[in-house]
Amino acid sequence: MAIAKKKVTKPIAKKSVVTTKKVSAQKTENPSSDDFWKYAPAPESKDHVTLKEKYDLYIGGKFVKPNSGKYYETINPASGEVIAKIADGNEKDIHLAVTAARKAYDQHWGKLPGKERAKYIFRIARMMQERAREFAVIETMNGGKPIRESRDIDIPLAANHFFYYAGWADKLDYAFPNAKPKSLGVAGQIIPWNFPLLMAAWKLAPALATGNTVVLKPAESTPLTALKLAELIHDAGVPEGVVNIVTGFGPAGASLVNHPGIDKIAFTGSTPVGKYIQKAIAGTPKKATLELGGKAAHIIFDDAPIDQAVEGIVNGIFFNQGHVCCAGSRLFIQENVAELVIRKLKQRMKTLIVGDPMDKNTDIGAINSKEQMDKINQYIKIGIKEGAEIYQPECALPAKGFFCKPTLFLHTSQSHRIVQEEIFGPVLAVQTFRTLEEVIEKANNIPYGLSAGVWTDKGSKIFNLTTQLRAGVVWANTYNKFDPASPFGGYKESGFGREGGLHGLYPYVSLQS
Amino acid sequence: MARLSIQKTYKIFIGGQFPRTESGRFYPVYNSGKELLANMCLSSRKDFRNAVVAARKAFGGWSSKSAFNRGQILYRIAEMMEGRKHQFIAEIMSQGSTQKQAEQEVQTAIDRCVYYCGWCDKYQQLFSAVNPVASAHFNFSVPEPTGVVSIIAPENTSLLGLVSVILPVIAGGNVCVVLASESKPLCSITLAEVLATSDLPGGVVNVLTGQLKELHTHMASHMDVNAVVYARENRTEIKAMAELCSLNVKRFFHWNHDWKLSSSENPYLILDLQEIKTTWHPIEKIGASGSGY
């Protein structure tokens with residue numbers, strides 16, 4: 001990831017050097033975009049990728065037609081064009097998938113020695129590395145995220161996640177001191193549209209490593225890489241029924257949650273749906289992992305390395321168009337540096353390239369769906385109506401597809417809806433603060449608790465902050481970093497359970513003392 | 001002439017104070033010979049809310065005490081319990097146990113306190129990790145307490161079940177509001193008197209007596225409670241409470257152990273009420289990948 005980041009920042013650093021010189025040498029604090037280097041188009045080729053016209057469900061080791069006989073169209077959000085038809089799975093398909101998963105668990109996978117399970121999962125990881133470019137292109141075509149992110153972050157991390165957990169499969173006895181871990185059985189897993197393949201990896205890898213079988217439901221708007229993963233898992237020779245992938249809409253997900261044959265539900269998505277799931281499984285023996293919404297505080301102190309902090313702010317909120325549950329969407333700047341930080345941030349925002357996600361220079365790609373575009377626009381209207389001052393750099397947006405300019409809201413306060421509610425788009429609400437106590441109180445005064453960021457060069461202050469912030473992931477002098485070995489998950493209404501690292505094993509085992 | 005003994009008025013325990021219930025209500029508890037043992041407080045929803053306020057207020061102080069200090073305070077609780085041993089035994093016997101059973105229960109309860117005292121500064125090392133991330137970052141994960149916990153103590157014992165569910169919660173730096181056994185409530189208030197004289201800050205443990213059927217929905221729906229521990233066996237209550245927990249994504253745990261067994265004490269109960277926090281920080285100029293800002 002650091003390598004990926006370097007590729008991102010290097011040309012930009014050059015640019016800003018040029019800019020600063022110009023600014024200090026002469027006039028304005030608002031240099032026009034002519035001041036920056038123009039980039040020639042650098043589109044990634046799609047030639048290498050073949051998509052079928054129609055994709056079926058993957059149940060019991062076979063690609064099968066949906067019970068309803070219906071297919072829906074999945075689009076490229078950057079152009080609006082239909083790229084494939086996807087099986088619309090329903091309750092009956094879910095039932096078949098759960099039955100297949102149960103059979104696989106009882107007859108084979110549940111009894112397979114960890115060493116053998118590990119080898120299957122290692123295979124998945126290696127094959128994903130082999131096909132990384134194909135996966136990256138499809139991820140960008142279907143989800144709208146910049147190819148640079150799919151290529152350097154999503155796909156490598158997904159493969160690494162399988163590789164990491166594969167190695168745990170025969171070492172589980174070392175993970176839980178003085179307790180014998182036992183697999184749960186069949187896990188139902190529901191994943192979101194913002195990191196389609198990566199979330200599938202986060203769900204599948206630990207579940208398989210701990211000896212469970214799985215029914216996975218991808219998000220309706222971004223099913224393609226999960227279906228490609230089904231092909232890969234098939235090619236890898238994973239026994240039939242161990243992984244089942246059922247595409248479809250909300251009702252299919254609800255049938256999975258409510259199916260009596262599952263022992264575990266793992267969900268990543270919005271807090272309202274997470275609450276629905278928690279309620280639906282109340283009183284049943286089903287275990288749950290919920291990775292829900294967030295509204296992270298991103299805190300900049302006056303002694304922070306300001307230029308790096310500005311990069312961190314940009315990465316925090318504009319990474320993946322802000323479709324990130326842990327996005328640094330509430331910025332808190334210490335009052336005495338607020339003007340400087342905001343000026344630099346605005347300048348940096350002017351250099352962001354919004355446009356064709358397939359272009360290797362693009363920083364901000366397409367908004368994932370029309371529905372999400374509408375939601376973001378709605379919040380931008382709310383922000384203006386609430387009296388916050390909006391800033392968007394001048395930049396041309398493509399004529400087709402769903403795009404949103406990077407957006408700042410200045411002079412916001414705790415009670416603003418754009419400060420309290422998760423927008424899930426490239427929209428940053430800025431507040432200022434004077435004292436450490438004040439910013440801790442403001443940062444924690446929210447129902448969410450997924451992540452937070454702190455920028456200061458003073459070590460003791462960092463640890464004071466990271467200890468007091470009620471959030472599951474705290475980035476100090478960095479932001480939006482992920483790794484298979486690093487546990488991820490929230491406090492409070494951001495959910496419970498961890499994904500990644502040793503702690504990511506707990507949600508998939510029961511401990512016998 | 002025989003001396004007339006002084007009977008104790010059993011109160012409830014909120015924020016380190018001993019009020020009677022704000023509702024003015026009571027319920028009588030009898031021994032097997034139908035003699036009145038006590039007029040216990042029939043705690044109200046308002047008592048519960050007051051207790052949550054006290055608990056939240058105590059959370060910052062308790063969770064930021066040094067782990068070593070928390071251990072010392074738990075040990076102090078054991079010391080105070082030992083001193084009150086005969087009172088606990090008498091209360092348990094008055095509620096229907098034999099002398100032998102009562103002695104066994106009190107001894108196990110005190111020993112359990114010492115057991116969890118020792119965990120206060122050790123579970124962190126067991127459940128933490130330094131994570132070998134691929135980028136140039138120092139990355140570690142540590143457990144932190146979840147916050148305010150509603151506890152429904154077991155019904156069938158007066159003391160052992162109660163301490164067994166309180167201890168793992170507070171050993172981990174959480175604060176709690178606990179509803180004692182309805183039919184065997186006496187030891188809960190005596191335990192509160194122990195806690196009040198054990199250097200445990202007021203509000204860390206709050207003890208209510210009363211009826212679960214009246215309080216369970218409030219204990220699960222309160223928006224400033226972070227988790228619920230339920231240690232009884234009523235499926236209807238479990239479902240109702242677990243459903244209400246979804247209002248603010250409370251963590252819900254059904255602890256159904258035989259608390260007489262030593263296998264029922266383990267650090268995984270502490271872990272239930274912990275959140276794992278992962279912290280990242282760049283390492284300057286490691287290897288080829290450069291700084292990790």
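In the predicted model, the contact between the two chains draws 47 residues from chain B and 49 residues from chain A. Together, chain B and chain A bury about 3,600 Å² between them, and carbon and sulfur atoms account for 57% of this area.

Polar interactions also cross the interface. Between chain B and chain A, 24 residue pairs are in polar contact, with both residues of each pair at pLDDT 80 or more. On the side of chain B that touches chain A, the elements contributing two or more residues are α5 (123-127), β4 (137-145), α9 (235-245), α10 (267-272) and β10 (274-282) of chain B. The largest share of that side, eight residues, is supplied by β10(B). Classified by residue type, the side of chain B that touches chain A comprises 22 nonpolar, 17 polar and eight charged residues.

Two salt bridges are counted between chain B and chain A. One of these joins R498(A) to E275(B), with the closest N and O atoms lying 3.9 Å apart. This separation falls within the 4 Å cut-off applied to salt bridges.

Technical notes:
Residues are numbered from 1 along each chain as its sequence is written. Chains are lettered from A and ligands numbered from 1 in the order in which they are written. This is a predicted model: local features need pLDDT of at least 70, side-chain atom pairs count only at pLDDT 80 or more; totals for chains, interfaces and linings use all residues. Side-chain values use heavy atoms; hydrogens and water are left out. Contact means heavy atoms within 4.5 Å. Buried area is the accessible area (1.4 Å probe) that two parts lose on being put together, summed over both. A salt bridge is a side-chain nitrogen of Lys or Arg within 4 Å of a carboxyl oxygen of Asp or Glu. A polar contact is a pair of N or O atoms within 3.5 Å; within protein, one must be able to donate a hydrogen and the other to accept it, and residues adjacent in sequence count only if both atoms are side-chain atoms. Helices (H or I, at least four residues) and strands (E, at least two) are DSSP runs, numbered from the N terminus. Ala, Val, Leu, Ile, Met, Phe, Trp, Tyr, Cys and Pro count as nonpolar, Asp, Glu, Lys and Arg as charged, and the others, Gly among them, as polar.
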